[in-house]
Amino acid sequence: MTTAMYRIHGGDLERGGSASGELKQMLKKVGMDTAALRRTMISAYEAEMNVVIHAHHGEMRVVLGDGVLEVEVVDEGPGIPDIARAMIEGYSTAPPAARELGFGAGLGLPNIKKSSDALNIQSTVGKGTCVHFTIRFAPQVAGVHGRVSLRVVVELCRQCLRCVHACATAAVRVRDGVPHVLEHLCFDCCECIAACGPRALTMDGVDADGPRGAGEVVVVPPALLVQFGPAAGAHDGAAALAALGFGEVRVTVGWERALREAVCDYARSKPGNGPVISPVCPAVVNLIEIRFASLLGRLAPFVSPVEAAVRGLAGRDALAVAVCPAMQGVLAAPRGRPGVRVVAAPPVVSAMARRVGEGGEGDAIAAEGTPGSASAGVLRVSGVRHVVAALEALENGQLGDAEVLEPWACEHGCFGSPLLPQDGAVARWRWERTGGGFEAPGEAVRREEPFQPRRGMRLDDDMAAAIAKLGEIDRLTRRLPGRDCGLCGAPTCQALAEDVVLGRAAETACMYRTTEQEPAK
Amino acid sequence: MTPCEIAEAIGARVLNPEVPIQACIDAVYAGDRMSDLLSHASPTTLAVTNLASHQLMRAAALMDVPAICLLHGVEPAPEVVAAAGEHGTAVLVSPLGMFETCGRIYAQLSRERQAGK
């Protein structure tokens, strides 16, 4: 259970409604369903404006329990002489000034009665009024848990805390000298990997032996072929893979194009609904499942290009090279094709580097940029910061001019993976200059299972417990210094408060809190 | 139809075109009673009203109303438009009165409904 109190200023029509606005913000954090939120807003605003119009001052007191919201709006004012009459539609005692603004229709209390599940009014003439209403709401359904392919090499960590601040979902902590990843928040992007100087954060399989081919097919993203300096173009990279013994090199660029066309067709088949999100980057799909559940319906129902490319190889001896944990995650998932091995990019790149130039020089053919520009309505966004901004804009209904949003977690798409040696901008440019001729006819593959919301930021599966914890976190956050220094190992004071309440850390982890005086209440 | 498309079709001006709205309007509340607006409002409702006030913008924000159409060419104070923009509410001003404005909007929405079926 959590409680809150908002002040209401009688007579201040300008500020009228601010208490209801604050209440709305709080209820959104708890995740109240939209129908109940709407009913709450009607009731709260009517009750608040009654105080503003008729009384001297008042308070809105809120008690949030398990599936039940109790709101009490108490004022000191003239009171209601005849409550039964006040409940009749059309009866009003509002002054002309309020009527000019659209109030005083005599519908306020009846409106609350219609919108709430219970209404109780007590009033004493000359003293004041207490309007109490109850809203029942449904707890949200708990989502599934995430899956993380990120790996921590404890010995290498220097506790620089860069990863802690780099994470967009505040999923990284450094505690007892060791980085931890909160799996329910991690979406397998590469931001912490990129931020980590000593390479303590990485992906599985980076120190495996370089692969040796025996005629099998190797599936690679275009970025892998342009990691070998100015003298070696994409065709030299492919030649190096052949020199390592692979029989066929499948570059996923064809499947990327096929996906883009399929997503554009899909968007055209549902006009008027705003942009469709391309599932091109598995990390962004994870992010949406964790943090942007309201956008799940916008994700086009296809698998990522690398999954589509691998799908046609079932039963064949094949190897897929993953350039990030998210890609590794989707390839290793139960729906990944049996028989297709998945390896991390770094050992492959090392092995290729030793073979570059052996197979003679490849021909440089200019490629249409990857990801190519299939349509002007495709808004391509790359880099976690920009992706988060774009998804937030989309959630707020601000990207209506795009038909398709194509988000990539790494800057410059997969070329920007921090697990590849070459800088993203350079690699991409080199691919555009030399990557022609790899556009195998790919195809888009429909996804069988629906996208599902994950547990993500929910504090507890039990809504009542979640609400109680929200209150505790709020109180504790206010006691912390608010410097967001990260020295406790959490990125912000609020994140530490959450850790304390959820039993992941002690309050004494905050060094200011132990060295400074308790702030006055 | 989006609020901007409606504005164009009925000859209204959008006072804060920088506010990006993609809501698809499928309902209209026309009138000057706040309580009625509250009980009819939805995230796809256009409110047509004479009330060019802060209170209206606040109510629109609370109820997620995407756009408001004011009447008789009367523009609200700039700070009211600014407040609406902060909440992400589009403010339209029709040069006509309530009857004419609603008639035109009704015709547009009916046309769209027929075309969609």
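**Terms and their grounds**

Modeller: The buried residues of helix 13 of chain A pack against helix 8 (234–243), strand 13 (318–322) and strand 14 (340–344) of that chain; contact requires C-beta atoms, placed from the backbone, within 7 Å. This is a predicted model: local features need pLDDT of at least 70, side-chain atom pairs count only at pLDDT 80 or more, and totals for chains, interfaces and linings use all residues. Residues are numbered from 1 along each chain as its sequence is written, while chains are lettered from A and ligands numbered from 1 in the order in which they are written.

Biologist: Which residues of helix 13 of chain A are called buried?

Modeller: They are A345(A), P346(A), V348(A), V349(A) and M352(A). A residue is buried if 20 or more other C-beta atoms lie within 10 Å of its own, exposed if 12 or fewer, and partly exposed in between.

Biologist: Why are the buried residues of helix 13 of chain A said to line one face?

Modeller: Seen down the helix axis, they fall within an arc of 155 degrees, so they line one face. The arc is that of the directions from the helix axis to the C-beta atoms.

Biologist: What is the strand order of the open sheet in chain A?

Modeller: Its four strands have the order 11-10-13-14, with parallel pairing. Strands pair if DSSP finds at least two bridges between them; strands 10 and 11 of chain A are joined by four bridges.

Biologist: What makes strand 11 and strand 14 of chain A edge strands?

Modeller: Each has a single partner strand, so one side of each is left without a neighbour in the sheet. Helices (H or I, at least four residues) and strands (E, at least two) are DSSP runs, numbered from the N terminus.

Methods
Two residues are in contact if their C-beta atoms, placed from the backbone, lie within 7 Å.
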